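Subject: Handing over a structure, with notes

Dear colleague,

I am passing on the structure below, together with an account of what was found in it. Please read the notes with the coordinates open beside them.

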Amino acid sequence: IIKSMHKNAIDLNIGDGGWLYGNPDDMQLKASKGYTVIELELMSPNAGEKGDALVELAKVLINKI
């Protein structure tokens with residue numbers, strides 16, 4: 001569903017699956033593991049350049065579950 005709603009979504013190998021999508025000033029990440037869903041959003045100038053940081057944060061959180 002995410003890929004159909006956001007054409008620029010990137011599949012992530014986090015937990016049971018995840019996606020990174022957005023625009024240069026608003027990046028969003030969704031990832032799941034079991035019944036747990038993590039949603040992160042970064043709204044700032046140049047947020048698109050900080051997608052790697054969101055991915056790393058989501059990996060840490062998923063590994064704690």
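Predicted model: local features only at pLDDT ≥ 70, side-chain atom pairs only at ≥ 80, totals over all residues.

Residues are numbered from 1 along each chain as its sequence is written, and side-chain values use heavy atoms, with hydrogens and water left out.

The chain has two helices and four strands, where helices (H or I, at least four residues) and strands (E, at least two) are DSSP runs numbered from the N terminus. Along the sequence these elements follow the pattern α-β-β-β-β-α. The radius of gyration is 11 Å, close to the 11 Å that the globule rule gives for 65 residues, so the chain is as compact as a globular protein of that length; the radius is taken over C-alpha atoms, and the rule is 2.2 Å times the number of residues to the power 0.38. Taken along the principal axes, the C-alpha atoms fill a box of roughly 30 × 25 × 15 Å.

Of the 65 residues, 34% count as buried, a term that means under 20% relative accessible area, with exposed meaning over 50% and partly exposed in between (1.4 Å probe, protein chains only). Contact, here and below, means heavy atoms within 4.5 Å, and among contacts between residues at least 6 apart in sequence, 23% join residues at least 24 apart.

The largest nonpolar core has 13 residues, and those with the most contacts inside it are Leu12, Ile14, Leu20, Leu29, Leu40, Leu54 and Val55. Such a core is a set of buried Ala, Val, Leu, Ile, Met, Phe, Trp, Tyr and Cys residues joined through side-chain atoms within 4.5 Å. The elements that give two or more residues to this core are strand S3 (26-33), strand S4 (36-43) and helix H2 (51-64), and H2 gives the most, with four residues. Leaving aside neighbours within four places in sequence, leucine 54 is in contact with Leu20, Met27, Leu29, Leu40 and Leu42.

Asparagine 46 lies in the loop between S4 and H2 and is partly exposed, with a relative accessible area of 43%. The phi angle of asparagine 46 is near 65 degrees, which is a positive value in a residue other than glycine.

Aspartate 25 has its place in the loop between strand S2 (17-23) and S3, and at 45% relative accessibility this residue counts as partly exposed. The C-alpha atoms of aspartate 25 and lysine 7, 18 residues apart along the chain, are separated by 17 Å.

With best regards
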